[in-house]
Amino acid sequence: MPFDFLRRKKAGAPAGDEKSAARGGEPSARRRGTSIPFDGLTEEWRLIGRMEVPGRLSDVLNKREAIAISEVSWAPVDGSASFTPVPGLKSVDPYDLIIVLAGEATLPPLSDAEKMAHKVHKIAYDVALEAPPFRILGTVFLYPGSEPERLLDRSSEMFVPVTDASAFLGDRQVSDPEIDAVLVNRFYLRGVEQIDKRTGQPPQKLPGGPLGGISWQDRTR
């Protein structure tokens, strides 16, 4: 089994940040944590298993440290073969993951009021993200003044959560309907586009022009 199958050139990764477990990186899950299901996709492989993480999966991934993983199985990302066990794979480097599918078990329990509080100061944008070979459709929540295109900028946040999301490889959906979010590795992002989530296409402009005064387009410029 090729133990370095995940190791690829880290797209846009800053020097000194590559802490692959295969090169001796210290898995962050050696600290005391909680076992949660893991479902991550690279350019060629889909990995499922369990991770021991202290807190939210997104927070742990954003630390950019190798994470211990157990009960691992893998399959080609195109669905051409079924999952097979990979007992020799003991940790995963977040830099190798393009997207991670996050279910309810990967998030700390929050009340409805707490969920609203997390979003009250943010604006929802329906977007299509291009992270080759994947296309992700869903909603991102950004602070006022931040446009979705800014997701292409460098940031301390390595993975951006996309809620109410679907991930596709070509025309094939690779995300399960019951997932809560798709965590997208910003180092692999190559395109961001605002869309109408009902169609997956850019919103159509209404015909005609404004009747007078200041339009909403003027206020957002």
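Is R186 buried or exposed in this model? R186 is buried, its relative accessible area being 13%, where buried means under 20% relative accessible area, exposed over 50% and partly exposed in between (1.4 Å probe, protein chains only). The model is predicted, with local features needing pLDDT of at least 70 and side-chain atom pairs counted only at pLDDT 80 or more, while totals for chains, interfaces and linings use all residues. Residues are numbered from 1 along each chain as its sequence is written, and side-chain values use heavy atoms, with hydrogens and water left out.

Six salt bridges were found in a search of the whole structure; a salt bridge is a side-chain nitrogen of Lys or Arg within 4 Å of a carboxyl oxygen of Asp or Glu. One of them joins R186 to E157, with an N to O distance of 3.7 Å. This pair links distant parts of the chain, 29 residues apart: R186 lies in the loop between β11 (181-185) and β12 (191-194), and E157 in the loop between β8 (134-142) and β9 (159-169). Strands are DSSP runs (E, at least two residues), numbered from the N terminus. E157 is partly exposed at 31% relative accessibility.

R135 and E130 form another salt bridge, in which the closest N and O atoms are 2.2 Å apart. R135 is partly exposed at 24% relative accessibility, and E130 is partly exposed at 28%.

In the salt bridge between D59 and R56, the closest N and O atoms are 3.3 Å apart. D59 has a relative accessible area of 38% and is partly exposed; R56, at 35%, is also partly exposed.

Terms used. Helix = DSSP H or I, 4+ residues; strand = E, 2+ residues; numbered from the N terminus.
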